[in-house]
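Here is a friendly walk through the structure shown below. Have it open beside you as you read.

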Amino acid sequence: MKIVYAGAPEFSVAPLKKIIESGFDVIALLTQPDKPVGRKAVLTPTPLKAFALEQGIPVLDYSRVRDHIAELSALGADCMVTCAYGQILTKEVLDVFPLGVYNVHASLLPKYRGASPIQQCIACGDCVTGVTVMRTDVGLDTGDMLLQREIQIAPEDTAGTLSEKLSVLGGECIVEALCLIGKGEAKFTPQDNSRACLCKKICKEGCFIDFSESAQTIVNRIRAMNPAPLCYSYLGEKLVNFFTAAVCTETGGERTGEVFRADKTGIYVRAGEGCVKILELQAEGGKKLRAADFVNGRKISVGDVFGGKR
């Protein structure tokens with residue numbers, strides 16, 4: 001079976017590794033074009049492209065794959081596997097591959113279709129998530145499911161740590177799926193569209209923390225947006241990013257967002273319900289600090305209030 005693999009971020013690397021280790025013939029890789037990164041805007045390949053080049057796999061970094069049907073057809077691949085590829089596939093692209101196109105999706109479909117399933121399951125306080133391998137159609141994560149595997153979400157998981165776990169699980173799932181396809185034993189289950197929910201791409205502007213919400217909601221969102229794009233609030237004119245936080249029962253302060261305790265154990269902030277203990281944070285233009293170091297540096301004091309920019 002000749003396979004074209006499509007992806008871009010670090011999440012898509014482990015499944016490709018597993019496919020290669022399992023002896024499948026990956027004849028080409030599709031990914032996004034190099035993008036400028038950092039203050040000097042250095043053109044940088046996607047993590048998947050960097051790995052593929054190390055493995056000697058030919059790389060196609062089309063900005064619009066739909067414009068390259070002839071090149072895809074000329075590869076002579078039997079199927080394509082996608083994993084966080086980031087481009088919508090048209091019917092013309094899907095029709096290139098006789099055995100179909102299969103997507104490794106980081107949720108238990110039909111829950112959390114779309115661009116941010118890992119962040120959304122944490123933000124919603126879920127205890128379980130997983131990976132779905134589905135046969136891609138022209139919809140957004142609407143195709144029939146070949147298999148699903150569950151994984152527990154640990155209370156301390158962030159989007160970063162959960163992504164690593166799901167990436168490894170995704171590798172196991174896609175190899176199992178390819179074996180079934182190769183043997184002609186693949187069986188598909190349609191998704192229940194009445195249970196579907198869509199999660200959109202996350203932007204920094206949508207990560208502002210409203211401390212009038214419950215402490216648990218705030219902590220879940222902080223976990224969900226770590227390591228990027230990070231939740232934030234303002235101390236006066238200064239933006240502050242949050243990395244880790246916890247719910248605690250201690251209360252104080254007169255207003256939501258008010259700091260009523262700040263010491264080596266954390267920065268305690270009144271929420272709409274309960275209290276949030278900030279453990280790691282970063283002032284605008286500074287570096288990530290433990291709460292104790294943030295307090296010692298006199299960047300915050302009891303009585304300060306997190307809120308909108310003033």
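Does D34 count as buried, partly exposed or exposed? At 28% relative accessibility, D34 counts as partly exposed. Please keep in mind that this is a predicted model.

**Salt bridges**

D34 has a charged partner: its side chain meets that of K49 in a salt bridge, with 3.0 Å from N to O. This pair links distant parts of the chain, with D34 in the loop between strand 2 (25-30) and strand 3 (35-37) and K49 in helix 2 (residues 47-55), 15 residues apart. K49 is buried, with a relative accessible area of 12%.

A search of the whole structure finds 12 salt bridges. The table sets out three of them.

| Pair | N to O distance | Relative accessibility |
|---|---|---|
| D34 and K49 | 3.0 Å | D34 28%, K49 12% |
| K165 and D157 | 3.0 Å | K165 35%, D157 2% |
| D263 and R261 | 2.7 Å | D263 23%, R261 26% |

D263 is partly exposed, and R261 counts as partly exposed too. In the other pair, K165 is partly exposed, whereas D157 is buried. Salt bridges that share partners also join D34, K49 and D61 into one network.

**An enclosed helix**

Now for helix 7, residues 215-224. Eight of its 10 residues are buried, so the helix is largely enclosed by the rest of the structure. Among the buried residues are I218, V219, N220, R221 and I222. And what do they pack against? The buried residues of helix 7 meet helix 5 (117-123) and helix 6 (159-183), along with strand 12 (231-235), strand 13 (238-248) and strand 16 (275-283).

T136 counts as buried, at 17% relative accessibility. Leaving aside residues up to four places away in sequence, T136 touches T82, L89, L94, V101, Y102 and N103. L140, by contrast, is partly exposed, with a relative accessible area of 39%. Together with I88 and L198, L140 makes a nonpolar surface patch of about 290 Å².

**The whole chain**

Stepping back, the chain has eight helices and 18 strands. Its C-alpha trace spans about 65 × 45 × 30 Å along its principal axes. Of the 310 residues, 47% count as buried. The chain exposes about 14900 Å², with carbon and sulfur atoms supplying 51% of that area. Finally, the mean positions of the 36 positive and 36 negative charges lie 5 Å apart.

How values were computed: Residues numbered from 1 in each chain as written. Predicted model: local features only at pLDDT ≥ 70, side-chain atom pairs only at ≥ 80, totals over all residues. Heavy atoms only, no water. Patch = residues over 30% accessible without salt bridge, like charges linked within 9 Å, V, L, I, M, F, W, Y side chains within 5 Å. Areas by Shrake-Rupley, 256 points an atom, 1.4 Å probe, with all protein chains shown as cover. Salt bridge = Lys/Arg side-chain N within 4 Å of Asp/Glu carboxyl O. Buried < 20%, exposed > 50% of the residue type's maximum accessible area, 1.4 Å probe, protein only. Helix = DSSP H or I, 4+ residues; strand = E, 2+ residues; numbered from the N terminus. Lys, Arg positive; Asp, Glu negative; His and termini not counted. Charge placed at Lys NZ, Arg CZ, Asp CG, Glu CD. Contact = heavy atoms within 4.5 Å.
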